[in-house]
Amino acid sequence: MTTGVSEFPARLRSMQGEEMLQAEEVAAMMRLHELGWGAKRLSKEFGCARNTVRRYLRAGGAAPFNRPTRKTAFDGLDDWLRERFFRHGGNADVVRQELASEHGIVIGLRSVELRVQRWRRELKAQKRATVRFETPPGHQLQIDFGEARVWIGDERIRVHIFVATLCYSRRMHIRPSLRERQIDWFEGMEGTFLRFGGVPTEVLFDNARALVEHHDAATREVRFNGRLHAFARYWGFKPRACAPYRARTKGKDERGVGYVKHNAIAGRRFPSWGAFVAHLDQWNREIADQRVHGTTGELPIVRFADEAGVHRPLGGRAPFGQLRDLIRKVRPDCAIDLDTNSYSVPWRLVGETVQVVVLAGRVIVRHAGEVVADHPVCEGRRQQVTDRAHLTGLVGAGPIRELSPQPLQTPALLRPLAEYEAVVGGGW
């Protein structure tokens, strides 16, 4: 019995260049071996080395080729790569940079992308997955800002919309503004406390730069802004930040922002800013509060009755925004910056760090425990407020605008200051 090699398909070669027999060839080889053919004769018949024949005979048939394990720059780093991949939300380029800085491994971006490809589906599922949870009455308030283009008069302007949602009843508070500064977050929360007549146990928000200085995605370590800490202590709630890149964990308010934008605002025009604010307030009372909520199946205004008495009472506390405590460095032009405006200080303090307190319509500047400047708050933008006395003795000082500063030490100013220090601590 003779079987020519030409009867079989073209052969592949192994990584070492050795020919790999087709399955049909190996089956024929095994049948001929059973008929008494030896390795030498089989090697001639099939055109391969004797060792190849012996390998197939020992294996009892076709054996898969064992690809040798190749060493790579990633060996031993799988756990590290996975942790960094998820920490940075799937950004392979950041992982590549940290490989170089932490492990000294300089490698191309494409190589890193191929290595982390196996985790992308899991990351996508993780970002989409949401676990619904409910909180007891009065426990949590969720807050967020959204943006919308709104027609005010004949101009279409960008508006920042603060939306706060009580997690139990789903009642909302809405406050539009032209900016999204820290003071806008604080005034939004204070307006919420006033609207609902109390303060919840905790407030949940995303990682806005105005509130959160650092949030480690892996360890969940959060470093809140110092002024937010003072604000939270002042009102008696616990601040909480949702996981980085996981705004879905703050789902109630994410949906609330969309609800306001697409239901209360979309397609409408307003003759003035006041009309826009009045419309949002009316819509909130007559539409949002009175709808049957899709999750709870109840009206928010009805469900609110269960948590109205659970919130921490306001106690007649004055708004936190009445006092702002800031640090500034005196510029070469003998002034400090505040809300785009410029306020003068004595020229001898150029380059020094000073404490700036905004209180009851005044801007008070202190240095080494002493009041060195006292100005009225300027309501405009990019204005210069200068006291002639601050430039006395400075060569080249020209004509300037004179002011009549009012003294800081008056009972009307000291009362809110004393209340503030009693809650958040002194340091004056």
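Guide: Contact here means heavy atoms within 4.5 Å, and helices (H or I, at least four residues) and strands (E, at least two) are DSSP runs, numbered from the N terminus. This is a predicted model, where local features need pLDDT of at least 70, side-chain atom pairs count only at pLDDT 80 or more, and totals for chains, interfaces and linings use all residues. Residues are numbered from 1 along each chain as its sequence is written, and side-chain values use heavy atoms, with hydrogens and water left out.

Let's go with α8, residues 182-196. Its 15 residues reach 21 Å from first C-alpha to last, close to the 21 Å expected at 1.5 Å a residue (1.5 Å times one less than the number of residues). Among its buried residues are Trp 185, Phe 186, Met 189, Phe 193 and Phe 196; buried means under 20% relative accessible area, exposed over 50%, partly exposed in between, with a 1.4 Å probe and protein chains only. The buried set packs against β3 (140-152), β4 (155-166), β5 (172-177), β6 (202-205) and α9 (226-235). Just past the helix, Gly 197 takes a positive phi of about 70°.

Now follow β6. Both of its faces are covered, with Glu 202 and Leu 204 buried on one side and Val 203 and Phe 205 buried on the other. Strands pair if DSSP finds at least two bridges between them. β6 runs parallel to β3, with 3 bridges, and parallel to β9 (residues 238-241), with 4 bridges. Glu 202 is the bridge partner of Gln 140, and Lys 238 in β9 is the bridge partner of Glu 202.
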